[in-house]
Amino acid sequence: ADYIVEHTRQLYSGDFLSAKVLDPACGTGVFLLATLRAAARHCGNGFSRFDYTTSCLHGFDVDGHALDAAAFLLLNECLAEVQARSLSPGSAWRSIRRNLLEMDSLSVDTLRHGDARSSPNLLASPLPCLSDLFPEVPAGFDILVGNPPYAALGERADYGLLASRFASLRDVKAGLRVNLFPLFVEMMWQLTKPGCNTAALVTPLSIAF
């Protein structure tokens, strides 16, 4: 995680300390913690770990308990500052947890405001929109990092909708063993800001195949 985040920091052309960061399958927050530590290492005077965490770090995961743990992990990294400000650890935890959403990132509508909805499936089955979930990133995130799940997609009622949104699923019959991670690779450009972003994911060598 430290290696990937540092490599991403070096590649990002904008201000790393103000970049909005997403881990689309953040689990207990290992990559978000690595990002916070990278920002702290390269900050100037007056850097606030807590303010950076609450304003720049975001995550999705299907496991709410993992997200609770991620918020505790990030809070622990900011605890000295939280105590110095006489903030309640509970309220500080809730501020961090607010940016960690319990949901399947595959089900997030990545169309930006003003984009034409060309698919009738999208009209019939509206999805939560990224810009509604995180209004501060209407055009997408600046940086995306993480370790996607390596598991079969499995039987899903929304397979047709997913196939219309992800090139990895085109011409692939539902029910076949399809791994999740190529869809997360597609998220590297679906969930990030067009023209100015950096993304890095852990992927197996089979991505070449």
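## Helix H1

Four residues of helix H1 (residues 2-11) are buried: Ile 4, Val 5, Glu 6 and Thr 8. Buried means under 20% relative accessible area, exposed means over 50%, and partly exposed lies in between (1.4 Å probe, protein chains only). Helices (H or I, at least four residues) and strands (E, at least two) are DSSP runs, numbered from the N terminus.

What covers these buried residues of H1? The cover includes helix H2 (30-41), strand S4 (143-146) and strand S5 (198-201). Contact here means heavy atoms within 4.5 Å.

## About the model

This is a predicted model: local features need pLDDT of at least 70, side-chain atom pairs count only at pLDDT 80 or more, and totals for chains, interfaces and linings use all residues. Residues are numbered from 1 along each chain as its sequence is written, and side-chain values use heavy atoms, with hydrogens and water left out.

## The whole chain

The chain has 9 helices and 5 strands. From the N terminus on, their order is α-β-α-α-β-α-α-β-α-α-β-α-α-β. The radius of gyration is 18 Å, close to the 17 Å of the globule rule for 209 residues, so the chain is as compact as a globular protein of that length. That radius is taken over C-alpha atoms, and the rule is 2.2 Å times the number of residues to the power 0.38. Along its principal axes, the C-alpha trace spans about 55 × 35 × 35 Å.

Buried residues make up 47% of the 209 residues. Take the contacts with a separation of 6 or more: residues 24 or more positions apart account for 75% of them. The chain exposes about 10,300 Å², and carbon and sulfur atoms supply 55% of that area. Such areas come from the Shrake-Rupley method with a 1.4 Å probe; for residues, only the protein chains shown count as cover.

Which residues of helix H5 (residues 89-97) are buried? They are Ala 92, Trp 93, Ile 96 and Arg 97. These residues cover an arc of only 135° around the axis, which puts them on the same side of H5. The arc is that of the directions from the helix axis to the C-beta atoms. An α-helix has 3.6 residues a turn, so residues three or four places apart point the same way.

The cover over the buried residues of H5 includes helix H3 (49-56), helix H4 (64-84) and strand S3 (100-102). Leu 79 sits in helix H4. Leu 79 is partly exposed, at 26% relative accessibility. Leu 79 and Ala 92 are 13 residues apart in sequence, and their C-alpha atoms are 9.0 Å apart in space.

## Two loop residues

Most residues other than glycine have a negative phi. Ser 86 is not a glycine, yet its phi is positive, at about 60°. Ser 86 lies in the loop between H4 and H5. Is Ser 86 buried or exposed? Ser 86 is exposed, with a relative accessible area of 66%.

Asp 171 also has a positive phi, of about 65°, although it is not a glycine. Its place is in the loop between helix H8 (159-165) and helix H9 (181-190). Asp 171 counts as exposed, at 84% relative accessibility.

## Helix H9

H9 is mostly covered: 8 of its 10 residues are buried. Among them are Phe 181, Phe 184, Met 187 and Met 188. The buried residues of H9 pack against S4, H8 and S5.
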